[in-house]
Amino acid sequence: MSEFLSNLLIAVITAAVPVLTTYAVKLIKQVGASAAAKTDDAKKQGYANEIALAVSEAVSMVSQTYVDSLKNSGEFTKEAQKKAAEKALAACLASISPAAQEFMESVYDDITEYLTTKIEAEVRNQKTGIGHLIA
């Protein structure tokens with residue numbers, strides 16, 4: 001009887017190993033894919049936060065170093081507004097990492113247009129005291 005049970009156990013284990021191995025491989029692949037997706041999402045969120053911070057800081061810097069003095073002297077003309085926007089765009093692009101710029105290029109067709117829109121929104125937010133953009 002014990003030989004019969006031993007043979008039965010070996011047969012069951014022999015049949016179960018391939019099934020369990022297949023299941024384990026699928027589970028490991030699923031966990032890996034999930035981890036990769038979470039990592040990718042975390043990177044994207046990090047880039048979005050970096051971009052929002054760069055826009056906010058660029059607008060604040062240009063306002064403090066350029067716009068405020070022109071407004072106080074009454075010389076903040078349309079041309080000065082255009083120059084302020086250009087300065088903010090340049091400061092923003094200079095402070096965004098190459099990886100974040102690459103991300104933006106993959107998501108948006110025109111980085112300059114996208115950032116210009118964000119800068120204008122941030123100027124409005126800072127003017128009205130709403131606060132900073134959230135990516």
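The model is predicted, so local features are taken only where pLDDT is at least 70 and side-chain atom pairs only at pLDDT 80 or more, while totals for chains, interfaces and linings use all residues. Residues are numbered from 1 along each chain as its sequence is written, and side-chain values use heavy atoms, with hydrogens and water left out.

Of the 135 residues in the protein, 20% are buried, where buried means under 20% relative accessible area and exposed over 50%, with partly exposed in between (1.4 Å probe, protein chains only).

Next, select residues 98-107, which form helix 3, and show Ala-100, Phe-103 and Met-104, which are buried. Seen down the axis of helix 3, these buried residues fall within an arc of 100°, so they line one face of the helix; the arc is that of the directions from the helix axis to the C-beta atoms.

Move on to Asp-110, which caps the N-terminal end of helix 4, with a side-chain oxygen 3.1 Å from the backbone nitrogen of Thr-112. Then select helix 4 itself, residues 111-128, in which Ile-111, Tyr-114, Leu-115, Ile-119, Glu-122 and Asn-125 are buried. Viewed down the axis of helix 4, its buried residues fall within an arc of 130°, so they line one face of the helix, whereas Glu-113, Glu-120, Arg-124 and Lys-127 are exposed on the other side. Just after helix 4, stop at Gly-129, which takes a positive phi of about 80°.

Finally, go to the largest pocket, where about 450 Å³ of space lies. Of the 17 residues that line this pocket, select Val-67, Phe-76, Ala-84, Val-123 and Lys-127, the closest to its centre. Helix 1 (2-73), helix 2 (78-95) and helix 4 are the elements that give two or more residues to the lining. A pocket here is an open set of points on a 1 Å grid over the protein atoms alone, where a 1.4 Å probe fits, with protein on both sides within 12 Å along at least five of seven lines, and lining residues have an atom within 4 Å of a point.

How values were computed. Helix = DSSP H or I, 4+ residues; strand = E, 2+ residues; numbered from the N terminus. Polar contact = N/O pair within 3.5 Å; in protein donor to acceptor, adjacent residues only side chain to side chain. Points joined across faces, edges and corners; volume = space filled by probe spheres on them.
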